[in-house]
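Subject: Structure for your review

Dear colleague,

Please find below the structure that I am handing over to you. I would be grateful if you could look through it alongside the notes that come after it.

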Amino acid sequence: MGEDRHILRAVWEGRIPVAFTLAHDESESPNPPEPYFNFPESELLHCQSREVVESQFMSTIKEADALKHRCQVMNSMQKRDHKQLWNGLRNDKFDEFWAINRKLMEQTDEGPFRYIPFRIYQLDKPFIQKLVKPVNEDGKPATLENLIETVSSDIKKDFSKSISRLLIQGIELPWQTPLLWLSENFSHPDNFLHICVRS
């Protein structure tokens, strides 16, 4: 139980996500968790207030809408819609959030999204973000494999050698998955596909 205590403390502090229920006697910690004073300022953005977090979230939503719809959807919304979007996310009210976010995830009359909003994360490297269309030049739907080929030949080489894995929402998806479908079904609340490359 001695080493389990360190794991329980990490779960208690939110550094490890919880996907199971502990027995009552295991969940009692003899000491309250210590405050997290050594915040990694050089690695993570430290948000000083709730307003800063809201501003960052709304900026990312606007960026995704600019890539997908030329900002038409966000510009057509009223300030109360923006507040409902944020409050639904902040207060964990999915229906309230989805009532507005649905508009951002739908295709417009002009056709599919202009570009797929995504970011690829690799250990000890800056994230990768480029303009990638949901349809190839030959008119066929672009796939996850097309995205990786477009973005980085190094990542593609690692996958051909079975060195790395691609994870979206914690799931390893087939290479032939269409990007448009991924964007509509696997985007995070900020409307970006966050893709992790794991070695």
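The notes below describe what was found in this structure.

**Confidence and overall make-up**

Please bear in mind that this is a predicted model. The mean pLDDT of the protein is 82, and 77% of its residues reach 70 or more. Among the elements, helix α5 has the highest mean pLDDT, at 94, while helix α2 (residues 24-27) has the lowest, at 50. Over residues 20-24 the pLDDT falls below 50, and this stretch has two contacts in the model beyond near neighbours in sequence. Where pLDDT is low, the predicted coordinates should not be read in detail.

The secondary structure comes to nine helices and three strands. From the N terminus on, the elements run α-α-α-α-α-α-β-α-α-β-α-β. Of the 199 residues in the protein, 34% are buried. Among contacts between residues at least 6 apart in sequence, 59% join residues at least 24 apart.

**The sheet**

β1 and β3 pair in the parallel sense over four bridges, and here Y121 stands opposite C196 in β3. β2 pairs with β3 (residues 193-198) in the antiparallel sense, also over four bridges. On this side, L166 stands opposite V197 in β3, and the bridge partner of I168 in β3 is I195.

With a relative accessibility of 0%, I148 counts as buried. The C-alpha atoms of I148 and L166 are separated by 9.8 Å, the two residues being 18 residues apart along the chain.

**The nonpolar cores**

Which residues have the most contacts inside the largest nonpolar core? They are I120 and I195, in a core of 22 residues. The elements that give two or more residues to this core are β1, α7, β2, α9 and β3. Leaving aside neighbours within four places in sequence, I120 is in contact with F127, I128, I148, V151, I155, I195 and V197.

A second, separate core has 11 residues, among them M58, I61, V73 and W86. As a general point, nonpolar side chains in soluble globular proteins tend to be buried together.

**Helices α6 and α9**

The buried residues of helix α6 (residues 94-105) are F97, I100, N101, L104 and M105. Seen down the axis of α6, these buried residues fall within an arc of 150 degrees, so they line one face of the helix. What covers them includes α3 (50-69), α4 (72-76), α5 (79-90) and α9 (179-186).

In α9, the residues L179, L180, L182, S183 and F186 are buried. Their cover includes α6, α7, β2 and β3.

Is D81 buried or exposed? D81, which is found in helix α5, is buried, with a relative accessible area of 9%. Not counting residues up to four places away in sequence, D81 touches I100 and K103. I100 is also one of the buried residues of α6.

With kind regards

Key
Residues numbered from 1 in each chain as written. Predicted model: local features only at pLDDT ≥ 70, side-chain atom pairs only at ≥ 80, totals over all residues. Heavy atoms only, no water. Pairing = 2+ DSSP bridges. Buried < 20%, exposed > 50% of the residue type's maximum accessible area, 1.4 Å probe, protein only. Arc of directions from axis to C-beta. Contact = heavy atoms within 4.5 Å. pLDDT = per-residue confidence, 0-100. Core = buried A, V, L, I, M, F, W, Y, C linked by side-chain atoms within 4.5 Å.
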